[in-house]
Amino acid sequence: MDASAADESRMRTLVRSDDLDETRELISTAYSPYELRALSRPQDFSAWYAEGGFPGVTLSALSYGTETLVAPQPLTTYLLVCQVHRGRVRVESPGREEQFVDTGDTYVLDPHRRFKVFWGAGARMTTLRLSREVVDRAAGEALGREEPVRARFALGGAVSAAAAESWSGISAAIHREVMAGGVAHTSPLVAAQLTQTAAAALMATHRLLPDSEPVRRIGGVAHPAVRRAIQLMEERSDQPLTLSDLAAAARLSPRALQEAFKRYCGRTPLVYLREVRLERAHHDLVAADADGPVTVAEIAFRWGFSNLGRFASWYRRRYGHAPSLTLRM
């Protein structure tokens, strides 16, 4: 659903201002204290923020009129599932991840680390706010655990096109409930069910970071087999690994492992391994001294990328710019 004039008329507008300090104060009250800075043409700064919701869910809409940096303090008690409806933003977890998010795509800000969000001029987005307790409980249930599990999300959005479509359906249903003033506003049972459904859908559609336990997907065989293969990737991503190596660790045939991975996370085992290695290379590039002796080629070779042209292409597709630019940041 577009964060459009329709949203503006049906949600409670809390901020409509061209004063940066006033905007910072008001939105800090709604979320958490945060840095707000106009990156270009501060004379064109403007902001609009509106919200609605029902018990367990807060739906917000937000836009800025010029290029803007938003850097909130750690969210601590809740997380945000953000969807860009117009324009483009760049999201960073300093020293860890960076992601460009285009119109129609989502990303998750969890409460376990800091983030910076660079808004393009005129960008608009909606955010779905869920409590950390609800999401961690959903993570534990997805893993078959009795206790909650800390869920830390990668910035890359949904794990596949099918997952993105599933999340879009859940998100649209919540949007409609908020906008129409549905029964979730007056029925605690319906509100709780919708909130829990959203948390469970988030687990099933968005990827966790490697230091969060993998979430079980459909199929009893896929779950332990894929986890074993991923563990080998995480432990030995700097060493030569073949599909046969991964299949042996998973205790499946190569073909069965291929099918399990497609079912589990919408990609092949070797593509997943490549993404792990890209994350490790990105981390090393961020940590490297631009004036030091380390080069892009050395970091690429360290993580198994022998073809620098392909490495640069995959890296640009993942992070939105060339690896050499990361090294110079």
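This is a predicted model: local features need pLDDT of at least 70, side-chain atom pairs count only at pLDDT 80 or more; totals for chains, interfaces and linings use all residues.
**Entry 1: α9 and α11**

I began with helix α9 (residues 269-287) and helix α11 (residues 308-319), which pack at an angle of about 85 degrees with their axes 11 Å apart. An angle of 65 to 115 degrees counts as roughly perpendicular, so α9 is roughly perpendicular to α11. I then listed who touches whom. From α9 I noted Arg274, Glu275, Leu278, Glu279, Ala281, His282 and Leu285. From α11 come Phe311, Trp314, Tyr315, Arg318 and Tyr319. Sorted by class, this contact has seven nonpolar, one polar and four charged residues.

**Entry 2: α7 and α8**

Helix α7 (residues 243-250) and helix α8 (residues 254-265) pack at about 80 degrees, and their axes are 9 Å apart. I therefore put α7 and α8 down as roughly perpendicular to each other. On the α7 side I found Leu243, Leu246, Ala247 and Ala250. They meet Pro254, Leu257 and Gln258 in α8. The residues of this contact divide into six nonpolar, one polar and no charged.

I also checked the loop between α7 and α8, where arginine 251 lies. Its phi is near 65 degrees, a positive value in a residue other than glycine. Most residues other than glycine have a negative phi. Arginine 251 has a relative accessible area of 64%, so I noted this residue as exposed.

I located arginine 41 in the loop between β2 (34-38) and β3.

**Entry 3: The cores**

Which residues have the most contacts inside the largest nonpolar core? I found Leu79, Val135, Phe153 and Leu202, in a core of 31 residues. Several elements each supply at least two residues of this core: β3 (47-54), β4 (57-64), β6 (78-86), β11 (124-131), α3 (132-142), α4 (161-180) and α5 (188-205). Helix α5 gives the most, with six residues.

Leaving aside neighbours within four places in sequence, I counted among its contacts Leu79, Val135 and Leu202. Phenylalanine 153 also touches Glu97, Val108, Asp110, Arg113, Met203, His206, Arg207, Leu208 and Leu209. Apart from this core lies another, of 29 residues, among them Tyr49, Val70, Cys82 and Val91.

Histidine 85 is in strand β6. Is histidine 85 buried or exposed? I noted 12% relative accessibility, under the 20% limit, so histidine 85 counts as buried. Its side chain makes a polar contact with the side chain of threonine 126, at 2.7 Å.

Glutamine 99 sits in strand β8 (residues 97-102). At 13% relative accessibility, glutamine 99 counts as buried. Not counting residues up to four places away in sequence, I listed Val89, Arg90, Val91, Leu155, Gly156 and Arg318 as the residues that glutamine 99 touches.

Glutamine 196 I placed in helix α5. With a relative accessible area of 46%, glutamine 196 is partly exposed. How far apart are glutamine 196 and valine 134 in space? I read 7.0 Å, C-alpha to C-alpha, for residues 62 apart in sequence.

Conventions:
Residues are numbered from 1 along each chain as its sequence is written. Side-chain values use heavy atoms; hydrogens and water are left out. Axes are lines fitted to C-alpha atoms, for helices over the stretch in contact, and angles run from 0 to 180 degrees between N-to-C directions. Helices (H or I, at least four residues) and strands (E, at least two) are DSSP runs, numbered from the N terminus. Angles under 35 degrees count as roughly parallel, over 145 as roughly antiparallel, 65 to 115 as roughly perpendicular and the rest as oblique. Contact means heavy atoms within 4.5 Å. Ala, Val, Leu, Ile, Met, Phe, Trp, Tyr, Cys and Pro count as nonpolar, Asp, Glu, Lys and Arg as charged, and the others, Gly among them, as polar. A nonpolar core is a set of buried Ala, Val, Leu, Ile, Met, Phe, Trp, Tyr and Cys residues joined through side-chain atoms within 4.5 Å. Buried means under 20% relative accessible area, exposed over 50%, partly exposed in between (1.4 Å probe, protein chains only). A polar contact is a pair of N or O atoms within 3.5 Å; within protein, one must be able to donate a hydrogen and the other to accept it, and residues adjacent in sequence count only if both atoms are side-chain atoms.
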